[in-house]
Structure formats: C-alpha cells, structure tokens
Amino acid sequence: MKKNLRTVLSGLLACAALSVASCKKENQLAEKLSSAELGKTSGLGLENNLRFDPVKFAQGIENYMEGKVSGYGYAIYHEGLPYFIANGGGGYARKPHDAPAKLHGAYVRQGIASSTKFITALTTVALLEKCNVNLKEKLYHYLPSGWKPSAEFKELDFERLIGQRTGLISYGSGSYGNLRRTVEDGVNKAQFESGDWFYNNVNFDIAAIVLPYVYAKKKSPLDYNALKSLESNPTELYKGLCQRYIGIVRVNVFKPAGHIHYGVMDWRPWDNNGPINPLTGTLGYTTISGTEKGTPKGDNTLNPGPGGLYISAVEFARIQSAAAMGKIVSAAGYKAMRDKLLGFDGFRNGKHGRYTFKNGGANNHETMIFDFGITQVAVFANIRISDIGNDPMILVNAYDNAWVTK
C-alpha cells in the first residue's frame, strides 16, 4: 500500500489557531506548546530510564493495519504534539473504480460511528461546567415541558446518562416520539437498579435533547422561549434541538480544540466550506482490494448524539489532546470522564497506567480511540474486517512496546 521511503511529521502544525486539516504542507514543523501547557499532562512519574517513542508507536499501528483494510488513517498526539509517518495511513478512501480515487490518511475525513459518543460526553461535561450545572443534576429538569418522565427517569442524572448506566429502553433510532416514549415508559429494572454499564445508543440520543435545554435555561432566555414556541410542533422541535446540539458541540468542543473550520464540522460529509455530496466523500468497503462499489456516509444531523460524526483522525486526536490538556473541560471534569468511563467503553491496565478507549463500527467504517494519559491516538478505517475496533489490546501492546530505553 505504501512506498518504503517515509518521513515523520512531528510537532504542532504552523499557526496554532489553524486547524491541522487546513495545512497544505504535512511535513512542516510548528511551534511547540508552552511548558505550562505541557505540564498539564507530563510529569506523571513514569520510569526515569524510559522514554516514549511516538515514531515506534506509529510504526506499530502501521504494521498492524497494512494489508488488513481497504484504507485507514491514524494520528498520535503525545504531550500535545502530533505524530504520524508519511501521510498517516494507507490504502484508499476511494478506490480507483470509484473515481476520483483518493488515498486514505491522517487528514482524510470519514464517518466514525460510535466513537462520536466520546464527543457527546465531552460536550456534556463542557456545557455543564460553563452553565454551573453538576454532573449529578437530574435530567428531567431539561426536557420539553409536555413530557412526563417516569419515576425512574426522574432519578437519573447526567453522569449516569453519559456513563451508560441508566437502564433506559430504546424504541428505535432517534426520533421525537421514540425518545419521548423512552423517557415516559419506564426502564429496564435490572439495569437501572444495578447501575452497571450497558451499551445503548438511546443514552446519547437523550443527551442531544437535554443539552439544548440546559443552554437555553441557563444562558439564553430568548432561546428557551424559542424552544417553548416549537413544542407544539414535535417535528420542528426535534429538528431544532438537533441543530442546537450540533451548534453546542461546535462552540464548546471543536472551537476550543483549535479547529478554524469548527463552524462547518458536521455529522454528514463536509469539506472546509460546508456540506458536500456524500457520493464525493470517503466511501466504505467490504473487501480490501475488490471492485465492489463503496457506500457513502449517511446524514446523522437528526441523530447526532450516538454517532455519525465525519472527521479525520488528526482532527479527532487533536480534540482528544486538547481535552486531556484542559482546553475543553477542567482537569477534574476530564478525570471524571476517564475514571467513570463517561464517553468511553472501557479501560485496560498497561505498563504505564490505566488506558481508556472508545470504539465504533457501522456502515463499513470502524474506529478506535485511546487515551493513554500523556498520549492520545485515533485510528480510523473504512472497512470492518480487521480487529482494530474490536480488540483494545492491539493498540495497548503497540503503545507499551513504544517505550524504549533512553
């Protein structure tokens, strides 16, 4: 898939205010973060005789991915600096028979399925902090006024919601009527009472409904009145809530992460100028080198909480890094996310600490993101035949093996 000659990109891209995706010269080194910023993630008491080698980590990722997928992109952020080899990926985002052909890589956007939930959880913590709302605040205070939450729902808080410990029941993909039924018709008693983690998209569907009400009630009386006026028209209210949710993510997550195109980042195929025809974006495949037609990314703007964000690996990893360094949420807020698995699927104990991860897979796309403490990584593929999204130990082992003697 690749040429043997490779170069390494390391360092922040030039002009800190610019999105990494906007740079044309991918091998350009940039200014480093200040020592104060680095101090937020470094100094964790790692072994004095070892150092982390991001190039070796990148090589480990490539060694696994090469030949196993139709196309992939990845990006590593270590102490706030990005690393990857050559174009940061391999294979095709669009195969030659789906002209125009396009190589995959770190800067190539694709659908990321359920890894979007990390963004939803991060947005929840960020907005609650800005609105002085505690994670233990009850959800039912931020629902459309006509909804009548069940007794169990009234006990649920934001922490349980984005930690997927609610016992909520899904009645189908996101829609106003289905979500109202979820809120009003009770819960799975066993899951609710245990408080254990159970994967369910509906938790993040509800997040996309309640966050616009949090913002409106706490920050914008005019917008709250606007929402109230829409409540007599459920279809328009649902559209309005989803649009507002996307706006909240853009302002509270994408912007502080440093993406200059935060205003057009979307849950459907887009470029730096806005939405594009899905047929012209990254396609999903079922074989590595077959000639089947690729499938386009769908539109998730009316179901944005659980999945469907369209983004590149380097853009996503930049968000991960910014979150870990206190640029999006407080240190305490991000620690809560990692400790309580808010927006994460699980963790693995490695040689250098506790590593948290989130995976995603849908519509011939597969993803895995990891936070290793001082290192974050995003690996995306446009096919679902490797184990990158299923086996966390692939990246755990690659990361641990990248620690070398000084």
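1. Ground rules. This is a predicted model: local features need pLDDT of at least 70, side-chain atom pairs count only at pLDDT 80 or more, and totals for chains, interfaces and linings use all residues. Numbering starts from 1 along each chain as its sequence is written, and side-chain values use heavy atoms, with hydrogens and water left out.

2. Buried means under 20% relative accessible area, exposed over 50%, partly exposed in between (1.4 Å probe, protein chains only). Helices (H or I, at least four residues) and strands (E, at least two) are DSSP runs, numbered from the N terminus.

3. Partners of β5. Strands pair if DSSP finds at least two bridges between them. Strand β3 (residues 71–78) runs antiparallel to β5, joined by 3 bridges. Here Tyr72 stands opposite Gly90. Strand β6 (residues 102–103) also pairs with β5 in the antiparallel sense, over 2 bridges. In that pairing Tyr92 faces Leu103.

4. Ile394. This residue sits in helix α12 (residues 393–400). Ile394 is buried, at 17% relative accessible area. Ile61 is 333 residues away in sequence, yet 8.3 Å away in space, C-alpha to C-alpha. Beyond neighbours within four places in sequence, Ile394 is in contact (heavy atoms within 4.5 Å) with Tyr64, Asp387 and Ile388.

5. Core. A nonpolar core is a set of buried Ala, Val, Leu, Ile, Met, Phe, Trp, Tyr and Cys residues joined through side-chain atoms within 4.5 Å. The largest has 111 residues; Phe57, Phe158 and Ile328 touch the most other members. Helix α7 (residues 202–219) gives the most to this core, 11 residues. Leaving aside neighbours within four places in sequence, Phe57 has contacts including Ile76, Phe372 and Leu395.
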